[in-house]
Amino acid sequence: MQAVKQGETECFGVLFKRYHDRLFSFFYRMTGEGAASEDLAQEVFVRMLKYRSSFSEKSQFRPWMYQIARNVRSDHFRRRQTELRLVEEKPATPHSGANRFETEQQLDLLHRALLALSEDKREILVLARFEEMKYEAIAALLQVETGTVKVRVHRALRELRAAFLKMSGEEIQCDVKTSKTILRST
Amino acid sequence: MRCEDVENDITQYLAGQLPAESMLLEHLAECGRCRQQVEELRSTWDGLDRLAVPKSSPVMNADLLAALAAIEDKIPEIPERRRPMLYFAKPALITFLALSAAFFVGRSFVESSRETSPAGTPAVNAGQGHYRGASGAPVTLLEYGDYQCPPCGSYNPVINEVLKRYDGKVRLEFRHFPLSRHANAALAAMAAEAAGQQGRYWEMHDRLFDSLQQWSQSSNSETDFLSLAANLGLDQAQFVRDLHSPELQQRIAADIATAKAAHVAATPTFFLNGHHVEDNIPPNTDVFAKLIDAELQNAK
């Protein structure tokens with residue numbers, strides 16, 4: 001990035017190639033939307049150029065990039081209320097597959113559960129699970145204590161599991177209803 | 001360690017980042033309840049790893065290319081603007097204009113918030129431009145185009161006809177100006193550049209315009225471009241590499257920079273020997289011919 005700042009713009013292509021997929025994945029896990037994630041990833045690079053002067057000799061590239069990504073994410077969610085909400089408060093109905101993710105359907109439910117988390121919880125989970133960031137680095141990014149990160153990641157994971165189990169229970173009920181409908185119609 | 005302290009270390013343990021001083025493992029060896037909790041959370045933690053992420057398209061979009069171009073210090077400033085060339089020298093053409101009016105509704109404008117003042121003289125392309133026609137031709141027709149712009153597609157056969165009619169006298173230079181609202185335009189420009197790396201730029205250029213309807217709304221246009229490359233007999237592996245080449249992205253960025261510096265606001269925008277041709281020129285060979293004849297006259 002220092003080279004880009006000094007006018008060696010060809011180096012920017014290298015940065016783009018190296019980090020584009022990572023940013024796209026980050027946004028996809030945050031939004032669940034492929035096209036929007038593509039735009040958001042590109043927006044991070046646009047802002048890198050726009051705010052290149054904020055990258056100092058002492059800056060580390062990845063934390064700086066994630067700071068921009070967080071701002072882009074924040075602006076995106078402010079613009080669009082895309083978070084999914086759990087609409088029914090039914091008790092969890094764990095079943096044999098609830099502990100493991102063996103089918104596409106279960107993975108889909110897990111992703112829906114992730115998207116159902118609050119933005120902050122989803123973000124800290126994505127940073128901890130997918131971005132290979134040390135907890136100290138996440139703490140620096142979020143400007144909190146490392147201990148706070150530990151507790152927040154744990155709580156977010158527990159909430160994710162609870163949301164998944166709840167959705168799994170609802171899914172079973174849907175399946176049952178569908179089966180009955182099929183039986184009646186045949 | 002007490003059970004209520006487990007949450008401090010549990011996800012670090014799952015992430016393989018457990019600090020050496022942690023007493024979590026000792027606690028788990030003794031506490032079945034916490035062990036069960038860890039195993040339940042582990043299944044969710046591991047499940048996250050299996051969430052699929054769709055394939056992304058690592059190609060700079062038009063906004064990013066423009067931002068990159070804006071910081072290029074090689075781009076000269078345009079000191080002054082010239083009046084656009086008027087092409088309707090004869091009143092009879094006004095009738096033609098009226099009949100063609102519906103066509104121009106489709107001209108691809110960039111966002112209205114952008115610069116829309118009359119175009120100035122475009123800077124000479126710092127990179128290797130793409131020229132079609134005799135290198136010593138006295139007239140150069142410069143087009144700023146977008147492969148996903150339907151009007152550009154309509155002009156393409158007209159321009160080719162003009163080049164045939166004025167063989168040796170006119171050459172075309174095509175510069176990329178992919179509009180941000182055309183999702184596949186930037187990659188299409190890259191496809192043309194990638195074909196150019198194998199000496200087939202203009203063939204891909206024509207095919208992109210000819211097949212615009214097929215790939216314009218495609219959610220995976222890369223496959224469409226690969227298919228065009230295969231039909232041209234290009235080396236597929238090299239084409240794919242070049243389709244994402246930072247160097248070729250730079251070339252497109254350079255084109256966009258010259259467009260913006262010359263206040264180009266829509267596609268297609270034409271310049272004849274550096275003079276801006278009025279935006280609403282109809283896609284008609286005879287209309288272009290009149291302008292070229294005048295330019296050839298001036299060149300004498």
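**A glutamate and its surroundings**

Modeller: Setting aside the residues within four places of it in sequence, Glu123(A) is in contact with Phe26(A), Met30(A), Arg70(A), Arg73(A) and Leu142(A). Please keep in mind that this is a predicted model.

Biologist: Where is Glu123(A) found, and is Glu123(A) buried or exposed?

Modeller: Glu123(A) is found in helix H6 of chain A, and with a relative accessible area of 2% Glu123(A) counts as buried, because the cut-off for that class is under 20%.

Biologist: How many residues of H6(A) are buried?

Modeller: H6(A) is mostly covered, with nine of its eleven residues buried, and among them are the charged residues Glu119(A), Arg122(A), Glu123(A) and Arg129(A).

Biologist: Which residue forms a salt bridge with Glu123(A)?

Modeller: Glu123(A) pairs with Arg73(A), and the closest N and O atoms of this salt bridge are 2.6 Å apart. The pair links distant parts of the chain, since Glu123(A) belongs to helix H6 of chain A and Arg73(A) to helix H4 (residues 61-79) of chain A, 50 residues apart. Both Glu123(A) and Arg73(A) are buried.

Biologist: Changing topic, how many residues are in contact between chain A and chain B?

Modeller: On the chain A side 42 residues are in contact with 41 residues of chain B, and the area buried between the two chains is about 3900 Å², of which 64% comes from carbon and sulfur atoms.

Biologist: How many salt bridges and polar contacts are there between chain A and chain B?

Modeller: The rule finds three salt bridges across the interface of chain A and chain B, and the count of residue pairs in polar contact between these chains is seven, with both residues at pLDDT 80 or more. On the side of chain A that touches chain B, the elements giving two or more residues are H2 (10-31), H3 (34-50), H5 (104-116), H6 (119-129) and H8 (146-185) of chain A, and the largest share, eleven residues, comes from H2(A). By class, that side has 21 nonpolar, eight polar and 13 charged residues.

Biologist: Which residues make the salt bridges between the chains?

Modeller: One of them joins the side chains of Arg129(A) and Asp49(B), at 4.0 Å from N to O. Another is formed by Asp9(B) and Lys150(A), with the closest N and O atoms 3.9 Å apart; this pair crosses from the segment before helix H1 (10-14) of chain B to helix H8 of chain A, and both Asp9(B) and Lys150(A) are buried. There is also a salt bridge between Glu40(B) and Arg161(A), where the closest N and O atoms are 3.9 Å apart.

Biologist: Why does the Glu40(B) pair join two chains?

Modeller: Glu40(B) lies in helix H3 (residues 32-49) of chain B whereas Arg161(A) lies in helix H8 of chain A, so the pair joins two chains. Glu40(B) counts as partly exposed, at 25% relative accessibility, while Arg161(A) is buried with a relative accessible area of 10%.

Biologist: Last one, what does Ala67(B) touch?

Modeller: Not counting residues up to four places away in sequence, Ala67(B) touches Val46(A) and Leu49(A). Ala67(B) is found in helix H4 (residues 62-70) of chain B, and is buried, with a relative accessible area of 16%. The C-alpha atoms of Ala67(B) and Ala257(B) are separated by 9.0 Å, although these residues are 190 apart along the chain.

Methods. Residues are numbered from 1 along each chain as its sequence is written. Chains are lettered from A and ligands numbered from 1 in the order in which they are written. This is a predicted model: local features need pLDDT of at least 70, side-chain atom pairs count only at pLDDT 80 or more; totals for chains, interfaces and linings use all residues. Side-chain values use heavy atoms; hydrogens and water are left out. Contact means heavy atoms within 4.5 Å. Buried area is the accessible area (1.4 Å probe) that two parts lose on being put together, summed over both. A polar contact is a pair of N or O atoms within 3.5 Å; within protein, one must be able to donate a hydrogen and the other to accept it, and residues adjacent in sequence count only if both atoms are side-chain atoms. Helices (H or I, at least four residues) and strands (E, at least two) are DSSP runs, numbered from the N terminus. Buried means under 20% relative accessible area, exposed over 50%, partly exposed in between (1.4 Å probe, protein chains only).
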